Amino acid sequence: MNDANFYAGGTFDRAAPRRKDAAWVAGLIEAAESRFVATWRGRSLVLAGNDATPRAAYLGRDQIGAIPCEPVLLGIVEERAVFAVDVSACDAPLEALANGVALEFTDLRRVGPLLPRQEGALLAYARGIAYWHERHRYCGVCGAPTRSEEGGHVRRCTDAACGTTHFPRTDPAVIMLVHDGERCLLGRKPEWPKGMHSTLAGFVEPGESLEEAVAREVFEETGIRVADVTYHSSQPWPFPASLMLGFHARALSTAITVDPEELEHAAWYERRYMLEHEDDDTLRLPRRDSIARRLVEDWLRRPR
Ligand SMILES: [Zn+2]
């Protein structure tokens, strides 16, 4: 059993110290054994026609040769370098990549729960870093173009007088299962699939601790005060740029006042009811690859 949340738990070496060596990285980009995972406009490349057992598509250097891109070194996997390449500049990348193997670009969330953990982790990493590069082509300090360095883990401003280095960013978001003992608090947003309810969540603000963010978000969305905020686990969530930090928290009050800007509905659900309930249009649990699902499942099955 893998205890890591989906999109975490990869067993590769990120090679952080070595990727500062530009010659080493350049050699790996040209090495015949290196592999490339491609993203295109937010979608991830997988082998086509395997909906039940999806697999990442690992390309060779010759297959991406004609497409303009800046490879990002994800790490070393079983002694091979694996790079991410964003081929969004190409209008018809599948034609350029075609090599007799059927490939497709897909939303990682569609295949994520079914991918081998290592592949899910690599594709999530590739998606997240491609998104960061796409939005940091220009220096936020002086506006000059930036260039990729250190295997794609830094962008440096090309204006010599500025020279600011920019590092990949991840936005911390708290996500919390609030309970009052035998009941948990779930809410839903209007755009979600019918009946789907989930844990509350929100972004951490500057100058705020994680525990404060949990308490603030729960109060803003439902009017409930919480205590005993305890960390559970975390999950990379590059849709587009989050790190989900999961918590359990105990409610100090039970009267719900929903913020209609945030939620369509929120309610208390009995543990016993949820354990017997099958997903339907009145109550459907969140996606299997989400930490929200893990927070709910672990609370439901936690020994009392
Ligand atoms: Zn600059």
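Start at the second largest pocket: select α5 (117-134), β12 (226-237) and β13 (242-251), each of which gives at least two residues to its lining. Helices (H or I, at least four residues) and strands (E, at least two) are DSSP runs, numbered from the N terminus. A pocket, on a 1 Å grid over the protein atoms alone, is an open set of points where a 1.4 Å probe fits, with protein on both sides within 12 Å along at least five of seven lines; lining residues have an atom within 4 Å of a point. What you're touring is a predicted model, where local features need pLDDT of at least 70, side-chain atom pairs count only at pLDDT 80 or more, and totals for chains, interfaces and linings use all residues. Residues are numbered from 1 along each chain as its sequence is written, and side-chain values use heavy atoms, with hydrogens and water left out.

Which element gives the most to this lining? It's α5, with seven residues. The pocket holds about 450 Å³ of space, a volume being the space filled by probe spheres set on the points, which are joined across faces, edges and corners. Of its 25 lining residues, click on Arg14, Ala124, Tyr125, Thr170 and Pro236, the closest to its centre.

Next, hop to the largest pocket, with about 670 Å³ of space. Among its 30 lining residues, pick Ile175, Trp192, Ala201, Trp237 and Met244, which lie nearest the centre. β11 (200-203) supplies the largest share of this lining, four residues.

Helix α8 (residues 291-301) also supplies at least two residues to that lining. Colour its buried residues (under 20% relative accessible area, 1.4 Å probe, protein chains only): Ile291, Ala292, Arg293, Leu295, Val296, Trp299 and Leu300. Now show what covers them, including β14 (265-270) and α7 (271-276).

Last stop: the zinc ion. Select Cys139, Cys142, Cys157 and Cys162, whose SG atoms coordinate the zinc ion at 2.3 to 2.4 Å. Donors are N, O and S atoms within 2.8 Å of the metal (3.2 Å for Na, K and Ca). The site is tetrahedral, with angles of 96 to 115 degrees among its four donor atoms; four donors count as tetrahedral if all angles lie between 85 and 135 degrees. Along the chain, the donors follow the spacing C-x2-C-x14-C-x4-C. Cys139 sits in the loop between α5 and β6 (146-149) and Cys162 in the loop between β7 (154-157) and β8 (165-166), so this pair ties together parts 23 residues apart in sequence. Cys139 counts as buried, at 5% relative accessibility.

Key:
Buried < 20%, exposed > 50% of the residue type's maximum accessible area, 1.4 Å probe, protein only. Contact = heavy atoms within 4.5 Å. Tetrahedral: all angles 85-135°; square planar, octahedral: opposite > 155°, others 65-115°.
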